[in-house]
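Subject: The structure I promised

Hi,

Here is the structure we talked about, with the sequence alongside. Have a look at it first, then read on for what turned up.

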Amino acid sequence: MKRIAIQGFEGSFHDITAHHYFQGEQIQMICCATFEEVFEQMKNDPTVIGLTAIENTIAGSLLHNYELLLQSGMTVVGEDKTHISHCLCCLPSQSIKDIKEVHSHPVALMQCRKYLSQHQNMKIIEADDTAGAAQWIAENQVTGVAAICHADAAKLYGLTILENNIEDNKHNYTRFLVLSDPRKADMLRPINETNKSSLVFSLPHEEGSLSQVLSILSFYTMQLTKIQSLPIIGREWEYMFYVDITYDNLVRYRQAVDAIIPLTRELKILGEYKAA
Ligand SMILES: O=C(O)C(=O)C[C@]1(C(=O)O)C=C[C@@H](O)C=C1
């Protein structure tokens, strides 16, 4: 039985994604209130696998999760991409005109900005997660409040769907990382199918330092799928660069990493895994 730590309750997008990624396997969810708690669970028990959202096609990157990943020393062993669709739901006794507040995860609220701006009478309240907001309304029989969550979560908690597909854009996908203690990583990833890596490094304050690294990656036919910079706290105007690359030749990939090491500082491989 695999134990998976997620941020969120049953019916949250983390829960849905974990069941998709580990399809056909026996899994037990460890539902955490925060991403910090997910990493804490993994730290306390190296057999616990983590699953965390890292970027969304509407709301952008979950920057804090990059930092948590780096600080934790955990390894990326896989990824999954989930189509995100939201509904507005409430107690069956309520109708749209009764709704004065909408509760959901901040990222879900961001994904429904346009819909919410058309309903200015509804006060927006951030919750720990989408399914948690639905569960809270159901358990406490809260009137005048709706949740934004997946339609399955609305059904799970016995809520009525007032409106479906309320996300700003139907091309709404979230990418999730599957994380493990490095000592357990090889048991969780199919080594011969590795075709993606996540790297992080900083660079010297010199002209062209980033472009040199990118040129070398391109020379070794590494395809850059993502680059994200994050400020280094305490070192003004210096950044950590988080880079994702895909490739079909593991030897060329290793050569590419060896070639960029002298040009970078603090290079760390966050994970080598199979692209979703
Ligand atoms: O609240 C949930 O259901 C979650 O799984 C969290 C989360 C996120 O962290 O981005 C996951 C996917 C969606 O993008 C919206 C929210």
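One thing to settle before we start: when I say "domain" below, the bounds come from an automatic or database domain assignment. Also keep in mind that this is a predicted model.

**The domains**

**The ligand**

So where does the ligand sit relative to the domains? The shell around the ligand takes residues from both domain 1 (2-84 + 172-187) and domain 2 (87-163), so the ligand lies between these two.

There are 14 residues around the ligand, and the ones that come nearest are Ser12, Phe13, His105, Val107 and Asp129. Looking at the elements, at least two residues of the shell come from each of α1 (13-21), β3 (49-56), α4 (106-111) and α6 (130-140). Sorted by class, the shell has six nonpolar residues, seven polar ones and one charged one.

**Two helix pairs**

The crossing of α2 past α3 is right-handed. On the α2 side the contact is made by Phe35, Glu36, Phe39 and Lys43, and on the α3 side by His64, Asn65, Leu68 and Ser72.

Now go to α8 (residues 209-219) and α9 (residues 250-260). Their axes are 9 Å apart and the angle is about 160°. Are α8 and α9 roughly parallel or roughly antiparallel? Angles over 145 degrees count as roughly antiparallel, and that is therefore how α8 and α9 run relative to each other. Here, too, the crossing of α8 past α9 is right-handed. The residues that meet are Val213, Ile216 and Leu217 from α8 and Ala256, Ala259 and Ile260 from α9. By class, this contact of α8 with α9 has six nonpolar residues, with no polar and no charged ones.

Cheers

Key
Residues numbered from 1 in each chain as written. Predicted model: local features only at pLDDT ≥ 70, side-chain atom pairs only at ≥ 80, totals over all residues. Near = placed C-beta within 6 Å. Helix = DSSP H or I, 4+ residues; strand = E, 2+ residues; numbered from the N terminus. Nonpolar A, V, L, I, M, F, W, Y, C, P; charged D, E, K, R; others polar. Left-handed = near helix turned anticlockwise from the far one by under 90°. Contact = placed C-beta atoms within 7 Å. Axes fitted to C-alpha atoms, helices over the stretch in contact; angles between N-to-C directions. Parallel < 35°, antiparallel > 145°, perpendicular 65-115°, else oblique.
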